[in-house]
Amino acid sequence: QVHVVESGGGLVQTGESLRLTCGVSGRTNAIAKVGWFRQVPGKEREFVAGIAWTGSASDYAEFVKGRFTISKVTVENTVYLQMNNLKPDDTAVYYCVARETSVAAGYNYWGQGTQVVVSS
């Protein structure tokens, strides 16, 4: 079992920054990748960013490239999502996710989510 817990959400204004934190625990040696999704009520969850648990390979959704940065401190079992130049469209619940090495695609562990609100 792997557990992920998000923190750091809040209310900011357009153009401001916010950093989300994901604490990872459990069978961390079985993790292949950790990432972030987001969801707006009435819409499907969408991928935001992901990073390999071993190494530093990362990928981003097109709509956050240049604004968001995913990083990790593996020895602390922590993953961050630095969000800069936030826009009202970034308002959503953000979920930390993890994929085990035994899983070919998708993410099989999800956190409870943290709310981000960007006011105009």
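Arg 38 is buried in this predicted model. Its relative accessibility is 5%, and the cut-off for buried is under 20%. Arg 38 forms a salt bridge with Glu 46. The closest N and O atoms of this pair are 2.7 Å apart. Glu 46 has a relative accessibility of 31%. That value lies between the 20% and 50% limits, so Glu 46 counts as partly exposed.

A second bridge is formed by the side chains of Arg 67 and Asp 90. The N to O distance is 2.7 Å. Arg 67 lies in the loop between β6 (58–60) and β7 (68–73). Asp 90 lies in the loop between β8 (78–83) and β9. The two residues are 23 positions apart in sequence, so their bridge ties together separate parts of the chain. Both Arg 67 and Asp 90 are buried.

Another bridge connects Arg 27 with Glu 100. Here the closest N and O atoms are 3.4 Å apart. The pair links distant parts of the chain, 73 residues apart. Arg 27 is in the loop between β3 (18–26) and β4 (31–39), whereas Glu 100 is in strand β9 (residues 92–100). Arg 27 is partly exposed, at 45% relative accessibility. Glu 100 is buried, at 10%. In total, the structure holds six salt bridges.

Key:
Residues are numbered from 1 along each chain as its sequence is written. This is a predicted model: local features need pLDDT of at least 70, side-chain atom pairs count only at pLDDT 80 or more; totals for chains, interfaces and linings use all residues. Side-chain values use heavy atoms; hydrogens and water are left out. A salt bridge is a side-chain nitrogen of Lys or Arg within 4 Å of a carboxyl oxygen of Asp or Glu. Helices (H or I, at least four residues) and strands (E, at least two) are DSSP runs, numbered from the N terminus. Buried means under 20% relative accessible area, exposed over 50%, partly exposed in between (1.4 Å probe, protein chains only).
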